[in-house]
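Student: I am new to this structure. Please take one part of it and go through that part closely.

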Amino acid sequence: MTDTPTTPTTPSIPTDFDDLLAANAEFARTFDLAGFDGVAHAGIAIVTCMDSRIAPLAMLGLHPGDAKIFRNPGGRVTPQALEALVLGVHLLGVRRILVVPHTRCAMASNTEEELHERVSASAGVDASWHDFNVVPDQRAALEHDVHVVRSHPLIGERALVGGVMYDVDSGLISRLV
(Lines give C-alpha, C1' and ligand atoms only; values in the text may rest on other atoms or scores of the structure.)
Protein backbone atom coordinates (compact mmCIF):
# COMPACT_ATOMS: atom_id res chain seq x y z
CA MET A 1 0.00 0.00 0.00
CA THR A 2 1.42 3.41 -0.95
CA ASP A 3 0.71 6.71 0.66
CA THR A 4 -1.24 9.07 -1.51
CA PRO A 5 0.06 12.61 -1.26
CA THR A 6 -2.49 15.10 -0.10
CA THR A 7 -2.78 18.67 -1.21
CA PRO A 8 -3.54 21.20 1.48
CA THR A 9 -6.81 22.94 0.89
CA THR A 10 -7.39 26.62 1.32
CA PRO A 11 -10.11 27.25 3.85
CA SER A 12 -13.02 29.08 2.34
CA ILE A 13 -14.08 32.43 3.72
CA PRO A 14 -17.53 32.21 5.28
CA THR A 15 -20.26 34.11 3.46
CA ASP A 16 -20.77 36.02 6.71
CA PHE A 17 -17.87 38.20 5.52
CA ASP A 18 -19.25 38.99 2.06
CA ASP A 19 -20.20 42.54 3.08
CA LEU A 20 -16.66 43.21 4.25
CA LEU A 21 -15.12 41.70 1.13
CA ALA A 22 -17.41 43.85 -1.03
CA ALA A 23 -16.50 46.95 0.97
CA ASN A 24 -12.82 46.11 0.53
CA ALA A 25 -13.25 45.76 -3.22
CA GLU A 26 -14.79 49.25 -3.30
CA PHE A 27 -11.98 50.60 -1.08
CA ALA A 28 -9.36 49.08 -3.38
CA ARG A 29 -10.89 50.79 -6.45
CA THR A 30 -9.73 54.19 -5.15
CA PHE A 31 -6.82 52.98 -3.01
CA ASP A 32 -4.13 55.65 -2.86
CA LEU A 33 -1.90 54.49 -0.02
CA ALA A 34 0.42 52.29 -2.08
CA GLY A 35 4.10 52.94 -1.65
CA PHE A 36 4.07 53.96 2.00
CA ASP A 37 7.29 52.93 3.66
CA GLY A 38 5.91 52.01 7.09
CA VAL A 39 7.63 54.91 8.85
CA ALA A 40 5.53 57.16 11.11
CA HIS A 41 5.82 60.29 8.95
CA ALA A 42 4.58 62.62 11.71
CA GLY A 43 6.84 60.80 14.19
CA ILE A 44 3.91 59.81 16.43
CA ALA A 45 3.00 56.59 18.20
CA ILE A 46 -0.37 56.26 19.93
CA VAL A 47 -1.37 53.70 22.54
CA THR A 48 -5.13 53.72 22.93
CA CYS A 49 -8.14 51.53 23.62
CA MET A 50 -9.73 49.17 21.13
CA ASP A 51 -13.05 51.02 21.60
CA SER A 52 -14.64 51.65 18.21
CA ARG A 53 -15.65 55.19 19.24
CA ILE A 54 -11.99 56.22 18.97
CA ALA A 55 -10.61 57.31 15.59
CA PRO A 56 -6.94 57.78 16.59
CA LEU A 57 -5.73 59.51 13.44
CA ALA A 58 -8.73 61.79 12.98
CA MET A 59 -8.87 62.90 16.63
CA LEU A 60 -5.33 64.28 16.33
CA GLY A 61 -5.56 65.70 12.81
CA LEU A 62 -3.34 62.96 11.42
CA HIS A 63 -3.56 60.93 8.22
CA PRO A 64 -2.64 57.40 7.12
CA GLY A 65 1.11 56.98 7.30
CA ASP A 66 1.56 59.62 10.02
CA ALA A 67 1.48 57.44 13.13
CA LYS A 68 1.94 53.99 14.60
CA ILE A 69 -1.13 52.91 16.56
CA PHE A 70 -1.32 50.22 19.22
CA ARG A 71 -4.77 49.34 20.58
CA ASN A 72 -5.84 47.12 23.44
CA PRO A 73 -8.60 47.00 26.09
CA GLY A 74 -8.19 50.08 28.28
CA GLY A 75 -5.39 51.61 26.20
CA ARG A 76 -2.74 50.30 28.59
CA VAL A 77 1.01 50.15 28.13
CA THR A 78 1.35 46.37 28.21
CA PRO A 79 4.52 44.40 27.40
CA GLN A 80 3.20 44.08 23.85
CA ALA A 81 2.66 47.85 23.61
CA LEU A 82 6.20 48.45 24.88
CA GLU A 83 7.53 46.08 22.24
CA ALA A 84 5.73 48.08 19.55
CA LEU A 85 6.94 51.38 20.99
CA VAL A 86 10.58 50.26 21.13
CA LEU A 87 10.40 49.16 17.49
CA GLY A 88 8.66 52.41 16.58
CA VAL A 89 11.30 54.55 18.25
CA HIS A 90 14.27 52.68 16.82
CA LEU A 91 13.07 51.59 13.40
CA LEU A 92 9.97 53.53 12.38
CA GLY A 93 10.62 57.22 13.04
CA VAL A 94 8.66 57.63 16.27
CA ARG A 95 9.77 60.71 18.24
CA ARG A 96 6.60 61.33 20.28
CA ILE A 97 4.42 58.83 22.12
CA LEU A 98 0.91 59.57 23.32
CA VAL A 99 -0.98 57.27 25.70
CA VAL A 100 -4.75 57.79 25.30
CA PRO A 101 -7.34 56.13 27.55
CA HIS A 102 -10.93 57.36 27.25
CA THR A 103 -14.07 58.19 29.17
CA ARG A 104 -16.78 55.59 29.69
CA CYS A 105 -14.32 52.74 29.16
CA ALA A 106 -15.63 49.28 30.02
CA MET A 107 -12.25 48.42 31.53
CA ALA A 108 -12.63 51.31 33.99
CA SER A 109 -16.34 51.02 34.71
CA ASN A 110 -16.45 47.32 35.65
CA THR A 111 -14.74 45.30 38.33
CA GLU A 112 -12.77 42.19 37.49
CA GLU A 113 -15.57 40.15 39.07
CA GLU A 114 -18.24 41.87 36.97
CA LEU A 115 -16.34 41.14 33.76
CA HIS A 116 -15.84 37.52 34.85
CA GLU A 117 -19.60 37.20 35.40
CA ARG A 118 -20.54 38.89 32.12
CA VAL A 119 -18.08 36.90 30.02
CA SER A 120 -18.99 33.65 31.80
CA ALA A 121 -22.67 34.29 31.09
CA SER A 122 -21.97 35.08 27.44
CA ALA A 123 -19.59 32.15 26.93
CA GLY A 124 -21.58 29.61 28.87
CA VAL A 125 -18.37 28.55 30.64
CA ASP A 126 -16.51 29.82 33.67
CA ALA A 127 -14.21 32.73 32.80
CA SER A 128 -13.03 33.48 36.34
CA TRP A 129 -9.54 32.20 35.49
CA HIS A 130 -9.02 34.88 32.83
CA ASP A 131 -7.47 38.22 33.84
CA PHE A 132 -9.12 41.26 32.24
CA ASN A 133 -6.87 43.81 33.95
CA VAL A 134 -9.56 46.34 34.81
CA VAL A 135 -8.52 49.92 35.50
CA PRO A 136 -9.96 51.10 38.84
CA ASP A 137 -8.27 54.54 38.61
CA GLN A 138 -7.68 55.74 35.05
CA ARG A 139 -5.59 58.75 36.03
CA ALA A 140 -3.27 56.67 38.23
CA ALA A 141 -3.01 54.04 35.47
CA LEU A 142 -2.19 56.72 32.89
CA GLU A 143 0.48 58.26 35.12
CA HIS A 144 1.94 54.80 35.68
CA ASP A 145 1.91 53.92 31.97
CA VAL A 146 3.57 57.20 30.97
CA HIS A 147 6.24 56.64 33.64
CA VAL A 148 6.84 53.09 32.34
CA VAL A 149 7.44 54.39 28.81
CA ARG A 150 9.57 57.34 29.93
CA SER A 151 11.76 55.12 32.09
CA HIS A 152 12.14 52.27 29.59
CA PRO A 153 15.86 51.82 28.84
CA LEU A 154 15.23 51.52 25.09
CA ILE A 155 12.90 54.54 24.91
CA GLY A 156 13.72 56.99 27.72
CA GLU A 157 15.04 60.25 26.29
CA ARG A 158 14.64 59.10 22.69
CA ALA A 159 10.98 60.17 22.53
CA LEU A 160 8.69 62.68 24.19
CA VAL A 161 5.95 60.86 26.10
CA GLY A 162 2.60 62.28 27.15
CA GLY A 163 -0.78 61.12 28.35
CA VAL A 164 -4.22 62.47 27.57
CA MET A 165 -7.82 61.45 28.24
CA TYR A 166 -10.15 61.23 25.24
CA ASP A 167 -13.80 62.13 25.84
CA VAL A 168 -15.96 59.81 23.72
CA ASP A 169 -18.93 62.18 24.02
CA SER A 170 -17.25 65.41 22.88
CA GLY A 171 -14.24 64.21 20.87
CA LEU A 172 -11.94 66.41 22.98
CA ILE A 173 -8.72 65.31 24.64
CA SER A 174 -7.41 66.78 27.85
CA ARG A 175 -3.76 66.63 28.84
CA LEU A 176 -3.20 64.80 32.09
CA VAL A 177 0.44 63.71 32.10
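Tutor: Strands S3 and S4 run parallel and are joined by 4 bridges; two strands pair if DSSP finds at least two bridges between them. Helices (H or I, at least four residues) and strands (E, at least two) are DSSP runs, numbered from the N terminus. This is a predicted model, in which local features need pLDDT of at least 70, side-chain atom pairs count only at pLDDT 80 or more, and totals for chains, interfaces and linings use all residues. Residues are numbered from 1 along each chain as its sequence is written, and side-chain values use heavy atoms, with hydrogens and water left out.

S4 and S5 form a hairpin with 6 residues between them, and Gly-171 in the turn has a positive phi of about 85°.

Of the 7 residues of S4, 6 are buried, so S4 is largely enclosed by the rest of the structure. Buried means under 20% relative accessible area, exposed over 50%, partly exposed in between (1.4 Å probe, protein chains only).

S4 (160–166) and S3 (96–100) each supply at least two residues of the lining of the second largest pocket, and S4 gives the most, with 5 residues. Among the lining residues are Arg-96, Leu-160 and Arg-175.

Definitions and conventions: 1 Å grid on protein atoms, 1.4 Å probe; cavity = no way out; pocket = protein on both sides within 12 Å on 5 of 7 lines; lining within 4 Å.
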